[in-house]
Amino acid sequence: SFQFGVQKRLSKGLQFQSSYTWSKVIDETQGVVPNDSSGDIDRVDPTDRKVDRGPAGFDILHNWRFNTIYRLPEFSSGGSVGKVLNGWWMSGILSLQGGYPFSVGLQRNRSRSKANDSGSDRPDLRPGIKAADIIRGVSRGCGNFPAGTPVGTWERWYDPCAFAVQPAGFLGTAGRGIIRDPGLANVDFSIGKD
């Protein structure tokens, strides 16, 4: 991981702090549910651990936080006007983080491996398609899904046509955690008076 932070102590009414973390966590398998600590494992192929090597379910590549407090200048020195106008401050926190990884899966055990409790497999990744292209651009089109449909949007995050159902009796070629969800952004803001 890489961590970077900046801090400005309170002066002239302004204070802020910012921190950024880039990290990468790779493992070979996890519990049935991401972040599950029960010890159960959900491997596609128990004879080859490398097949399930990928980003951990709790891996976040980018994480940035920024918080600030600003005390407004004093406008009046005393009296009832000073009590109303003075002592105001505002603060905010901005949080941005990348998305969690997830895997595309079939709802049945097409490989017939019965290697995991969920009974599902990952499909094949179509030849020539890179994992980064699955959530960018437009769909390649397949079945009832028209070519040219935008992907990477709130309506359609990834291109389902980048995947194909593998032949019966074989494990799919799509890797574990090759897609990331859109991530999160949050803003908290407050105004206060002493």
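Q: Which residues does glycine 5 touch, not counting those up to four places away in sequence?
A: Ser18 and Ser19. This is a predicted model.

Q: Where is glycine 5 found?
A: In strand β1.

Q: Buried or exposed?
A: Glycine 5 has 53% relative accessibility, so it counts as exposed; the cut-off for exposed is over 50%.

Q: How far apart are the C-alpha atoms of glycine 5 and threonine 21?
A: They are separated by 8.7 Å, with the two residues 16 apart along the chain.

Q: What joins β1 to β2?
A: There are 8 bridges between β1, residues 2-11, and β2, residues 14-22, and the two strands run antiparallel.

Q: Which residue in β5 is the bridge partner of leucine 14?
A: Tyrosine 70. β2 and β5, the latter covering residues 62-71, pair over 9 bridges in the antiparallel sense.

Q: What does β5 do with β6?
A: β5 and β6 are also paired antiparallel, over 9 bridges. Isoleucine 69 has serine 91 in β6 as its bridge partner.

Q: OK, what is the strand order in the open sheet?
A: The order is β1-β2-β5-β6-β11, 5 strands with antiparallel pairing.

Q: Which strands stand at the edges, and why is one side of each left without a neighbour?
A: β1 and β11. Each has a single partner strand, so one side of each has no neighbour in the sheet.

Q: How many degrees are neighbouring strands turned against each other on average?
A: 5 degrees in this sheet, with direction ignored.

Q: Stepping back, what does the secondary structure of the protein come to?
A: The protein has 1 helix and 11 strands. From the N terminus on, the elements run β-β-β-β-β-α-β-β-β-β-β-β.

Q: What share of the contacts joins residues at least 24 apart?
A: 65%, counted among contacts between residues at least 6 apart in sequence.

Q: How many of the residues count as buried?
A: 27% of the 194 residues. The protein exposes about 12,300 Å², and carbon and sulfur atoms supply 57% of that area.

Q: Which residues make the nonpolar surface patch?
A: Trp88, Met90, Val187, Phe189 and Ile191 make a patch of about 510 Å².

Q: Which strands supply at least two residues of the patch each?
A: β6, residues 88-97, and β11, residues 184-193. The largest share comes from β11, with 3 residues.

Q: What does methionine 90 count as?
A: Methionine 90 lies in β6 and counts as partly exposed, because its relative accessibility is 30%.

Q: New topic. Where is asparagine 86 found?
A: Asparagine 86 is in the loop between α1, residues 79-85, and β6.

Q: Is that one buried or exposed?
A: Asparagine 86 has 11% relative accessibility, so it counts as buried; the cut-off for buried is under 20%.

Q: Which residues is asparagine 86 in contact with, leaving aside neighbours within four places in sequence?
A: Asparagine 86 is in contact with Glu74, Phe75, Ser76 and Lys193.

Key. Residues are numbered from 1 along each chain as its sequence is written. This is a predicted model: local features need pLDDT of at least 70, side-chain atom pairs count only at pLDDT 80 or more; totals for chains, interfaces and linings use all residues. Side-chain values use heavy atoms; hydrogens and water are left out. Patches are made of residues with over 30% relative accessible area and no salt bridge: like charges are joined within 9 Å, nonpolar side chains (Val, Leu, Ile, Met, Phe, Trp, Tyr) within 5 Å. Accessible areas come from the Shrake-Rupley method with a 1.4 Å probe; for residues, only the protein chains shown count as cover. A salt bridge is a side-chain nitrogen of Lys or Arg within 4 Å of a carboxyl oxygen of Asp or Glu. Helices (H or I, at least four residues) and strands (E, at least two) are DSSP runs, numbered from the N terminus. Buried means under 20% relative accessible area, exposed over 50%, partly exposed in between (1.4 Å probe, protein chains only). Contact means heavy atoms within 4.5 Å. Two strands pair if DSSP finds at least two bridges between them. Axes are lines fitted to C-alpha atoms, for helices over the stretch in contact, and angles run from 0 to 180 degrees between N-to-C directions.
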